Amino acid sequence: MLSTILYPEVATWPSLLQRPVSDPTRLFDQVRKIMEEVKAGGDAAVRRLTKEFDGATLDDFSINQQTVAAAAEKISVELLQAIRQAASNIRQFHTPQLRQEDPIETMPGITCWRRSRPIEKVGLYIPGGTAPLFSTILMLGIPAQLAGCKEVILCTPPGKDGKVHPAILVAAAEVGIQQIFTIGGVQAIAAMTYGTETVPAVYKIFGPGNQYVTAAKQLAQQEGIAIDMPAGPSEVCVWADASAHPEFVAADLLSQAEHGADSQVLLVTTDDSLPAKVEKAVQQQLAILPRADYARQAFHNSKAIIVKDQQDALALVNAYAPEHLIIACEEAELLGEKVINAGSVFLGNYSPESVGDYASGTNHTLPTNGFARAYSGVSVDSFVKKITYQRLTREGLTSLAPTVVEMALAEGLQAHARAVEIRLQPK
């Protein structure tokens, strides 16, 4: 199933590392049409699209707090405890990100500083479909809660019965989210972008999704709505050497492949015997996986690339810029320090990507499709904006005035210079 490439030339890397793509023009045309329907039709359009895409007929797509409170009785005690343990670890990791910066005196009489302010209205999109990702609520809701966002909206698709998985409601309650709507896909992004009679418009939209959701978020940006990142289908790269356990590597590849047919997994190794061993382990493990069909489809987009040394492996990994990077090598921590493009890095044979997905504490909402070259994963910083301040005394302005006036006049902006000079004229 894994297509194996032996010692590829550097010139071939871009084509080897290409993600699965569809026709973007057709995709954006389809998504734009749905967005415009919701903008014009509000709740009625959302109901119609929910019936069309999710097969659910809903008169009211808001979930009341009684339903949320009852959800805890519908999941096992073990799952409830797991959600709370994960939430505790995520809070511990994210809480230190709340830092106030000290004021800086750049010159005598000139003080500058920054303050974090929460984004007042944020929207969280939580995929449902073949796998209800209740863990994503913890990953987004906890930093939003820590940041102090006043209004947090959650949208998630309904099943054909119009309901959502109770674990989604339990996770929402754990992070204090009270506005929950059973809306999925593009129509959810549109509702949070434009607002409807029921769903409030927000200032920033978070959450993973398929290519349609990703396109909808990008179109929302054109409407002045911020987004976390243009993330798409999930992916993992395993960088392994002869010290790796083939069955561990196979399990890691399958853990991402089971997300869906458009996911991608990549094995980069200096051990030319490893791909065959991993392939054997993949076949053995596939036989017991309920989502084996999804994994098999994802493997059509996936490769094992054998390189000559760790230097080439590092260069290839950085060129790929994976969402998740597992380094199953000797001296994994040392190699990890040299990685410059990745969403989240997992070091050593006992750090599976699954722990970051759920409960180690780090955030699992990460840049995909090569966007790790320029984007970070979600953090508390994602839910705040930074406002800069400055305070000058007369003495401070006097000392800085020649610099500002000289620069303003050189740019031909005399009013800028005048705003300084007028303050320093004798009274």
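Colleague: Which is Glu 331, buried or exposed?

Modeller: This is a predicted model, in which local features need pLDDT of at least 70 and side-chain atom pairs count only at pLDDT 80 or more, while totals for chains, interfaces and linings use all residues. Residues are numbered from 1 along each chain as its sequence is written, and side-chain values use heavy atoms, with hydrogens and water left out. Buried means under 20% relative accessible area, exposed over 50%, and partly exposed in between (1.4 Å probe, protein chains only). Since the relative accessible area of Glu 331 is 59%, Glu 331 counts as exposed.

Colleague: And what is the phi of Glu 331?

Modeller: Glu 331 sits in the loop between strand 13 (324-328) and helix 13 (332-336); helices (H or I, at least four residues) and strands (E, at least two) are DSSP runs, numbered from the N terminus. Although Glu 331 is not a glycine, its phi is positive, at about 55 degrees.

Colleague: What is the phi of Tyr 7, then?

Modeller: Tyr 7 belongs to the loop between strand 1 and helix 1 (13-16). Its relative accessibility is 42%, so Tyr 7 counts as partly exposed. Tyr 7 is not a glycine either, yet it has a positive phi of about 45 degrees.

Colleague: How far apart in space are Glu 9 and Val 307?

Modeller: Glu 9 is also placed in the loop between strand 1 and helix 1, and with a relative accessible area of 58% it is exposed. In sequence, Glu 9 and Val 307 are 298 residues apart, but in space the C-alpha to C-alpha distance is 9.5 Å.

Colleague: At what angle do helix 5 and helix 6 pack?

Modeller: Axes are lines fitted to C-alpha atoms, for helices over the stretch in contact, and angles run from 0 to 180 degrees between N-to-C directions. Angles under 35 degrees count as roughly parallel, over 145 as roughly antiparallel, 65 to 115 as roughly perpendicular and the rest as oblique, so helix 5 is roughly parallel to helix 6. Their axes lie 9 Å apart, at an angle of about 15 degrees.

Colleague: What is the relative accessibility of Ile 142?

Modeller: Ile 142 is in helix 5. Leaving aside neighbours within four places in sequence, it is in contact (heavy atoms within 4.5 Å) with Ala 87, Ile 90, Arg 91, Ile 137 and Val 175. Ile 142 counts as buried because its relative accessibility is 0%.

Colleague: Last one: how far does helix 10 reach from its first C-alpha to its last?

Modeller: Helix 10 (residues 274-286) has 13 residues, and its buried residues include Leu 274, Val 278 and Leu 286. The expected span is 1.5 Å times one less than the number of residues. That expectation is 18 Å for helix 10, and the model comes close to it, reaching 18 Å.
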